[in-house]
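Please keep the sequence and the 3D view at hand while reading.

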Protein chains: 2
Amino acid sequence: ENISVGQYDLIYNAFSFAFATLAAATIFFWLGRSQVAPQYKTAMTITGLVTFIAAYHYFRIFESWEAAFNVADGTITATGYAFNRAYRYVDWLLTVPLLLVELILVMGLSRSETVSRATRLGLLAALMIVLGYPGEVATTNGARWLWGSLSMIPFLWIVYELFVGLSKSIAAQPEDARGLVSTARYVVVGSWAFYPIVYFAGAVGLDGGAAATVVEVGYTVADITAKAVFGVLIFLIAQRKSVAYF
Amino acid sequence: ENISVGQYDLIYNAFSFAFATLAAATIFFWLGRSQVAPQYKTAMTITGLVTFIAAYHYFRIFESWEAAFNVADGTITATGYAFNRAYRYVDWLLTVPLLLVELILVMGLSRSETVSRATRLGLLAALMIVLGYPGEVATTNGARWLWGSLSMIPFLWIVYELFVGLSKSIAAQPEDARGLVSTARYVVVGSWAFYPIVYFAGAVGLDGGAAATVVEVGYTVADITAKAVFGVLIFLIAQRKSVAYF
Ligand SMILES: CC1=C(/C=C/C(C)=C/C=C/C(C)=C/C=O)C(C)(C)CCC1
Ligand SMILES: CC1=C(/C=C/C(C)=C/C=C/C(C)=C/C=O)C(C)(C)CCC1
């Protein structure tokens, strides 16, 4: 990879920014538990777990990035240690199902609907990540397209579930929270759409320092949106629905 | 050991994944203490202790794994430092008795039954681990079989206790929680059965990089199931049985 010092620094700072944002978001969500009614506490716990897990991984990603390059006297050289791209997948395997669970929990559906929807969406999300992984580490473009396309199936199914499957439940939300719940859905789909775009950009042969910058900074922005910004929406929804309780 | 970079990475990522999952689970369980009735708070505390202890050990296992191999420019060499397999036994000696105590506590039996069952199951579990250890570190296959077989005795006794000894107590659980308590039992037996299988796979001479991958990734999946997934069940049981309290 022909990466410039400026590109290296930008990515380095983006990782550090993500760590700080996600760690701060974690504390915000856990402290927020005391401001919502009992039935929404688990949603807040999980919202904070997602950012906690992601903060941990950004810390590791940051360290891996630091170990992969040596910057001295204004020149950059690869150290030979590979930057571990897999941390993102390890992170997603845990956090993406939890993100969907947190959305379901804050909707306050019946127990059986909560269990069935959370299980289905959680498993679909895990499947999507597991199918994407072999494509990400593959060395041929054919394998990248194959696994990526397979991963698109659960992805599209999730989008369908969120828009068609959940629309009745959204109509049943209290007036006050309905708009926010609907927005939360759009934030999910909008930020998630970014990931396959970046993935397939790699499959059409984008490479080099500029591509690495787009990919790493892009994923970082998407992660912060899908986890911290989305989490703030979850908090606002839970808080509005808790008004009667306090 | 002839381990490939791909196998090394997979194990590396599995250890990091386990650390993140168990650390996140710990916080989930401890925050969950405020969502259960007072008589179930100890069960939640212990559930979190189990994942906390395991997260600590996975951190050490991860570091031990990192120190044992050197990966640079796509090639892998052993550094000469041995990967410490004993961490798992140290972990189990503490966590396996606690796991059984946590199951007994959430059942809400009478005080005398709680003490007698928790003591018996806890001691049997400790005995099982202590008997397995000399076999794990043995250099001859004979010793491996001998200690492994001795360790099977308390193992089978525990399974018997869970299925026969506890069945009357399960019938006495509130309607609402009965199914979950029964599921928790199956999760214990299903995930625990994995450990002796892996152990005896070593005794029939499985070796090399592929075997190491199966053993390490397999134990990791089993640990996450036996501790974090099982813990979520304990939380759900405690929460259902606490409905009347709130
Ligand atoms: C569809 C698809 C993918 C989708 C990934 C997604 C949707 C990831 C979402 C991550 C989130 C939301 C992270 C944290 O907030 C992959 C795996 C790139 C592989 C190519 C096909
Ligand atoms: C029967 C048997 C064993 C059983 C081990 C078990 C059952 C371990 C359980 C560990 C758990 C549940 C860990 C954490 O969650 C050994 C010691 C491998 C030795 C061979 C015979």
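## Terms and basis

A patch is made of residues with over 30% relative accessible area and no salt bridge, where like charges are joined within 9 Å and nonpolar side chains (Val, Leu, Ile, Met, Phe, Trp, Tyr) within 5 Å. A salt bridge is a side-chain nitrogen of Lys or Arg within 4 Å of a carboxyl oxygen of Asp or Glu. Accessible areas come from the Shrake-Rupley method with a 1.4 Å probe, and for residues only the protein chains shown count as cover.

This is a predicted model, in which local features need pLDDT of at least 70 and side-chain atom pairs count only at pLDDT 80 or more, while totals for chains, interfaces and linings use all residues. Residues are numbered from 1 along each chain as its sequence is written, chains are lettered from A and ligands numbered from 1 in the order in which they are written, and side-chain values use heavy atoms, without hydrogens and water.

## The surface of chain A

Together, Phe28(A), Val232(A) and Leu236(A) make up a nonpolar surface patch with about 220 Å² of accessible area. Leu236(A) belongs to helix α8 (residues 209–241) of chain A; helices are DSSP runs (H or I, at least four residues), numbered from the N terminus. Leu236(A) counts as partly exposed because its relative accessibility is 32%; buried means under 20%, exposed over 50%, and partly exposed in between (1.4 Å probe, protein chains only).

Ala23(A) lies in helix α1 (residues 5–32) of chain A. With a relative accessibility of 23%, Ala23(A) is therefore partly exposed. Between the C-alpha atoms of Ala23(A) and Ala54(A) there are 8.4 Å, although 31 residues separate the two along the chain.

## Ligand 1

Around ligand 1 there are 17 residues, and the closest include Ser151(A), Trp192(A) and Lys227(A); a residue counts as near if one of its heavy atoms lies within 4 Å. The protein buries 100% of the 540 Å² that ligand 1 exposes when taken alone.

A polar side-chain atom of Lys227(A) is 3.5 Å from an oxygen atom of ligand 1. Among the helices of chain A that each supply at least two shell residues are α3 (86–107) and α8.

## Ligand 2

The side chain of Lys227(B) has an N or O atom 3.4 Å from an oxygen atom of ligand 2.

How values were computed. Polar contact = N/O pair within 3.5 Å; in protein donor to acceptor, adjacent residues only side chain to side chain.
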